[in-house]
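Colleague: I am new to this structure and would like to go through it slowly with you. Could we look at it together and take one topic at a time?

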Amino acid sequence: SRILIDLCSPHPPPPRGCACATAPPSHPEHRPEVGVNMHEIKDSQQILQRASLAGASGAVSGGTAKFVTAPLDRIKLLYVTNPAMSFTLPSFLHTTRSIVRTAGTSALWRGSGVALLRDSAYASAFFSCLSLYSGALESCGQAAGPPRHLVAASAAGATATLCTYPLDVLRTRLAAGAQHATHGYVIRQLVHSDKGGASAAFSGLRPALLGVVPYTGISFTAFEALKAHLCHVSGLDNDLELKPSQRLAAGGLAGMLAQTATYPLNVVRRRMQMGSESACVLCDRQSVWRSLRALYVNEGVANGLFKGLRLSLIVGPLQSAVGFTVNDMVRAHLTKRQDERTRG
């Protein structure tokens, strides 16, 4: 009877003596997990989502900040790139009136189209990379704080500079070059110069990278630290509760610190970007240290290494204050909208 039962069974037992007769039945829960970790996929999606939001808010904030400060920045470039011009408040006002009288008010925004494109792209790349690098450091176990902010912001600044540098060179030549030079003329001059093509488009890249790493690191780290201090003083739980005026003050002070610390490198970069158009050419092939030394020997400290710093201490903090504030506000708005769509 046992034989008949075994034969009629839909899953007859294995014959005696077979090695598989003693093997325990396999169950799905005992099988090793093969495939992709869903938690890692979810974390990656969240990191990319934050990066896309940061990029969108960065583009808006970068364009807004540049539009506000473009007139002051253009006049500053005229002084920085021309060794014959000494900066004083009366000469600044005279230059401004002269530009408006001869070419109209719109001339104060000369080259601002390229500047807006460059700064929007730069800010978008910076805040996207900042989110990605911060997420990568966090996944490696790096706790939130000034060290992580410094490393992530410095790396993001270097990446954004590399991506947008040719636009920065073009904008400098448009703003500080001949009064009636067109975009096409400047581009042709850039391509057909003695050091044309890619070399000319990346003139001054070394001092730019040496300057942007500490600049972005100092400005962003100081901005986050100042926001945290303001939250502590005001008894707030989150920096999203800060008033716009508090954000503007924190961003302005952070920009002032970073601008002062890295200003001589900015002067060297602008001179190299002008190439043969500059009255005092700094060779892009020589070291940054030699360029700084030549600037100091030929023009001194106040009218050389830190030429135009007083005007930059207005432009830089204002641009940082507007940029950081608009970025925080736009990102908070986009995050709120996204959360509402997710819940809906």
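Colleague: Which residues have the most contacts inside the largest nonpolar core?

Modeller: A nonpolar core is here a set of buried Ala, Val, Leu, Ile, Met, Phe, Trp, Tyr and Cys residues joined through side-chain atoms within 4.5 Å, where buried means under 20% relative accessible area, exposed over 50%, and partly exposed in between, with a 1.4 Å probe and protein chains only. This is a predicted model, in which local features need pLDDT of at least 70 and side-chain atom pairs count only at pLDDT 80 or more, while totals for chains, interfaces and linings use all residues. Residues are numbered from 1 along each chain as its sequence is written, and side-chain values use heavy atoms, with hydrogens and water left out. The largest core has 19 residues, and those with the most contacts inside it are Phe126, Phe127 and Leu130.

Colleague: Which helix gives the most to this core?

Modeller: Helices (H or I, at least four residues) and strands (E, at least two) are DSSP runs, numbered from the N terminus. Two or more residues of the core come from each of helix 4 (112-139), helix 5 (146-176), helix 8 (205-234) and helix 9 (244-274). With seven residues, the one that gives the most is helix 4.

Colleague: Leaving aside neighbours within four places in sequence, which residues is leucine 130 in contact with?

Modeller: Contact means that heavy atoms lie within 4.5 Å. Once its neighbours within four places in sequence are left aside, the residues in contact with leucine 130 are Ala152, Ala153, Ala156 and Phe220.

Colleague: How many residues are in the second, separate core?

Modeller: This second core is separate, and Val80, Tyr263, Val268 and Leu292 are among its members. Its residue count is 11.

Colleague: How many residues apart in sequence are the parts that arginine 269 and aspartate 168 tie together?

Modeller: A salt bridge is a side-chain nitrogen of Lys or Arg within 4 Å of a carboxyl oxygen of Asp or Glu, and by this rule the count comes to 13. One of them joins the side chains of arginine 269 and aspartate 168 at 2.5 Å, N to O. Arginine 269 counts as buried at 14% relative accessibility, and aspartate 168 counts as buried at 3%. Because arginine 269 lies in helix 9 and aspartate 168 in helix 5, the pair ties together parts whose separation in sequence is 101 residues.

Colleague: Are arginine 271 and glutamate 299 buried or exposed?

Modeller: The side chains of arginine 271 and glutamate 299 meet in a salt bridge at 2.9 Å, N to O. The pair links distant parts of the chain, with arginine 271 in helix 9 and glutamate 299 in helix 10 (residues 288-299), 28 residues apart. Both of these residues are buried.

Colleague: What is the relative accessibility of aspartate 328?

Modeller: Arginine 331 and aspartate 328 meet through their side chains in a salt bridge at 3.5 Å, N to O. Both lie in helix 12 (residues 309-343), three residues apart, which is about one turn of the helix. Arginine 331 is partly exposed, with a relative accessible area of 31%, whereas aspartate 328 counts as buried at 7%.

Colleague: What distance separates the C-alpha atoms of asparagine 298 and proline 83?

Modeller: Asparagine 298 has its place in helix 10 and is exposed, with a relative accessible area of 55%. Although asparagine 298 and proline 83 are 215 residues apart along the chain, their C-alpha atoms are separated by 9.4 Å.
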